[in-house]
Amino acid sequence: MKQHLIVEVFRSSKHDGMYLYVEKSKGLKDIPEELMARFGKGISAMTMLLTNESKLARATPEKVIEGIREKGFYLQLPPAKDDYLLDLYKTPTEAVY
């Protein structure tokens, strides 16, 4: 089934990489207070026509549209930090061969 929706994407003022997709016509007014407390101030990042063919970085358009239709929003969380990236910041204490 072909679906499309005009969405506005907000980025979180509190968490890098956290985004909230909402229906453009509704904005943030229907977002639960608890979520907004965690999300912080929504900073408008872009408005787009979302279709099944849209290319998104870390979500499928179907999932985003489904989330907006069911809950009124779709929350995209930052990617999990990979352990090996965290190891780059540890100071080596002894050489291991």
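**Group meeting talk: contacts in a predicted model**

Some ground rules. This is a predicted model, where local features need pLDDT of at least 70 and side-chain atom pairs count only at pLDDT 80 or more, while totals for chains, interfaces and linings use all residues. Residues are numbered from 1 along each chain as its sequence is written, and side-chain values use heavy atoms, with hydrogens and water left out.

Back to Ser12. Its place is in strand S1. Ser12 is buried, with a relative accessible area of 6%. Buried means under 20% relative accessible area, exposed means over 50%, and partly exposed is in between, with a 1.4 Å probe and protein chains only. Leaving aside neighbours within four places in sequence, Ser12 is in contact with Met18, Phe39 and Lys41. Contact here means heavy atoms within 4.5 Å. Ser12 and Ser44 are 32 residues apart in sequence, and their C-alpha atoms are 9.1 Å apart in space.

Now the overall layout. The protein has three helices and four strands. Those are DSSP runs, numbered from the N terminus: helices are H or I with at least four residues, strands are E with at least two. Along the sequence the pattern reads β-β-α-β-α-β-α. Of the 97 residues, 33% are buried. Take the contacts between residues at least 6 apart in sequence: 58% of them join residues at least 24 apart. The accessible surface comes to about 7200 Å², and 55% of that belongs to carbon and sulfur atoms. Those areas come from the Shrake-Rupley method with a 1.4 Å probe; for residues, only the protein chains shown count as cover.

Next, the aromatics. The structure holds one aromatic pair. The rings are those of Tyr21 and Tyr74, with centres 5.8 Å apart and planes at 70°, so the pair is edge-to-face. The cut-offs: rings of Phe, Tyr and Trp (its six-membered ring) pair if their centres lie within 6.5 Å, and planes under 30 degrees apart count as stacked, over 60 as edge-to-face and the rest as tilted. Tyr21 lies in strand S2, residues 19-23, and Tyr74 in strand S4, so the pair ties together parts that are 53 residues apart in sequence. Tyr21 is buried at 7%. Tyr74 is buried too, at 15%.

Tyr21 has another partner. A polar contact of 3.2 Å joins its side chain to that of Gln76. Gln76 lies in strand S4, residues 74-76. At 7% relative accessibility, Gln76 counts as buried. Not counting residues up to four places away in sequence, Gln76 touches Gly17, Met18, Tyr19, Tyr21, Arg58 and Ala59.

That brings in Arg58. Where does Arg58 sit? Its place is in the loop between strand S3 (42-51) and helix H2 (61-71). Arg58 is partly exposed, at 38%. Its side chain reaches the backbone oxygen of Gly17 at 3.1 Å. The side chain of Arg58 also reaches the backbone oxygen of Leu77, at 2.9 Å. Arg58 and Leu77 are 19 residues apart along the chain, with 9.2 Å between their C-alpha atoms.

On to charges. How many salt bridges does a search of the whole structure find? Three. A salt bridge is a side-chain nitrogen of Lys or Arg within 4 Å of a carboxyl oxygen of Asp or Glu.

Glu8 and Lys24 meet in one of them, at 3.4 Å, N to O. This pair links distant parts of the chain, 16 residues apart: Glu8 is in strand S1 (residues 4-12), and Lys24 is in the loop between S2 and helix H1 (33-39). Glu8 is buried at 11%, whereas Lys24 is partly exposed at 38%.

Lys26 and Glu23 form another, at 4.0 Å. Lys26 is partly exposed at 42%, and Glu23 is partly exposed at 23%.

Then Asp30 and Lys29, with the closest N and O atoms 3.7 Å apart. Asp30 is partly exposed at 48%. Lys29 is exposed at 63%.

Last item. The charged end of Lys71 sits over the ring of Phe73, 5.6 Å from its centre. For that, NZ of Lys or CZ of Arg must be within 6 Å of the ring centre and within 35 degrees of the ring normal.

Conventions
Polar contact = N/O pair within 3.5 Å; in protein donor to acceptor, adjacent residues only side chain to side chain.
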